[in-house]
Amino acid sequence: GNRGGGPLCAAVSGGRIVTLPLFEAEHTAATRARESEFHPTPGEVPRALIEGMRAAGHEPLPLDGEVRESAAGEGALVDAVELMAPSETRLWTLYELRADAVAKLRAKYRPNVARLHRGDFLNCAEAGMVDRVDLDITNPPWSRILEWAAASLLTARVVALHGPLATVETPERAAFFRAHPCDVYPLEWRPDYDGRGGVARAVAWFVWGDGRGGRWYPLRRPG
């Protein structure tokens, strides 16, 4: 059942919302998502990764298959990928907790472009309600980025997470990265996520997958 009587995880298909049970942590997750954890992703951030991987000669992200945005927000990252890497074979799976954002996603994307799930990705993953995909590319809540990485690695062939470069600091985090090596792509600039100026800390992309791990390639700001 819906433990604690909290919100529900809802699969949205063709404009119809099917509610599914969530977990006790949902209220906490909702609070986090409504507050400072929401970082809309400027289009130049995923563009820098795609262009930088090409410039470095690294295997590109698998953008033509099943792609997941597990912290979709209002679709900023999805829009950026669709603009710079259009594909007839890509199908998005989007997870978003906030009802207003889900409504915007539902109005923006047709069912043949994206499948929508209203709920917290980590709770859905814990419940075994997350299907495996070719790629999970997202800018997750930064305070939960290692939890996001762990869940994504179990359910995606390639994982690309955007977050603070300091994610690699502290013994606990270092142990995770030793156990799960990834390529690190630090941005050479501080993005402006909310229109109030660049963040005060360095940020990067972390990319996991077969044949990846241990490479460091700084990303230039797209012109």
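View 1. Arg106 counts as partly exposed, because its relative accessibility is 31%, which falls between the 20% limit for buried and the 50% limit for exposed. Look also for Glu74: the C-alpha atoms of Arg106 and Glu74 are 9.7 Å apart in space, while the two residues are 32 residues apart in sequence.

**View 2. The buried residues of helix α4.** Helix α4 covers residues 99-108, and its buried residues are Ala101, Val102 and Leu105. Seen down the axis of α4, these buried residues fall within an arc of 100°, so they line one face of the helix. Here is a handy rule to go with this view: an α-helix has 3.6 residues a turn, so residues three or four places apart point the same way.

**View 3. The second largest pocket.** This pocket holds about 180 Å³ of space. Among the residues that line it are Glu82, Pro86, Ser87, Trp92, Arg110 and Val113. Sorted by class, the lining has four nonpolar, three polar and four charged residues.

**View 4. Where to read the model with care.** The protein has an average pLDDT of 85, and 83% of the residues score at least 70. Over residues 1-8, pLDDT stays under 50, and the model gives this stretch 20 contacts beyond four places in sequence. Where pLDDT is low, the predicted coordinates should not be read in detail.

Note on methods
Residues are numbered from 1 along each chain as its sequence is written. This is a predicted model: local features need pLDDT of at least 70, side-chain atom pairs count only at pLDDT 80 or more; totals for chains, interfaces and linings use all residues. Side-chain values use heavy atoms; hydrogens and water are left out. On a 1 Å grid over the protein atoms alone, a cavity is a set of points where a 1.4 Å probe fits but cannot get out, and a pocket is an open set with protein on both sides within 12 Å along at least five of seven lines; lining residues have an atom within 4 Å of a point. Grid points are joined across faces, edges and corners, and a volume is the space filled by probe spheres set on the points. Ala, Val, Leu, Ile, Met, Phe, Trp, Tyr, Cys and Pro count as nonpolar, Asp, Glu, Lys and Arg as charged, and the others, Gly among them, as polar. Buried means under 20% relative accessible area, exposed over 50%, partly exposed in between (1.4 Å probe, protein chains only). Helices (H or I, at least four residues) and strands (E, at least two) are DSSP runs, numbered from the N terminus. The arc is that of the directions from the helix axis to the C-beta atoms. pLDDT is the predictor's confidence in each residue, from 0 to 100. Contact means heavy atoms within 4.5 Å.
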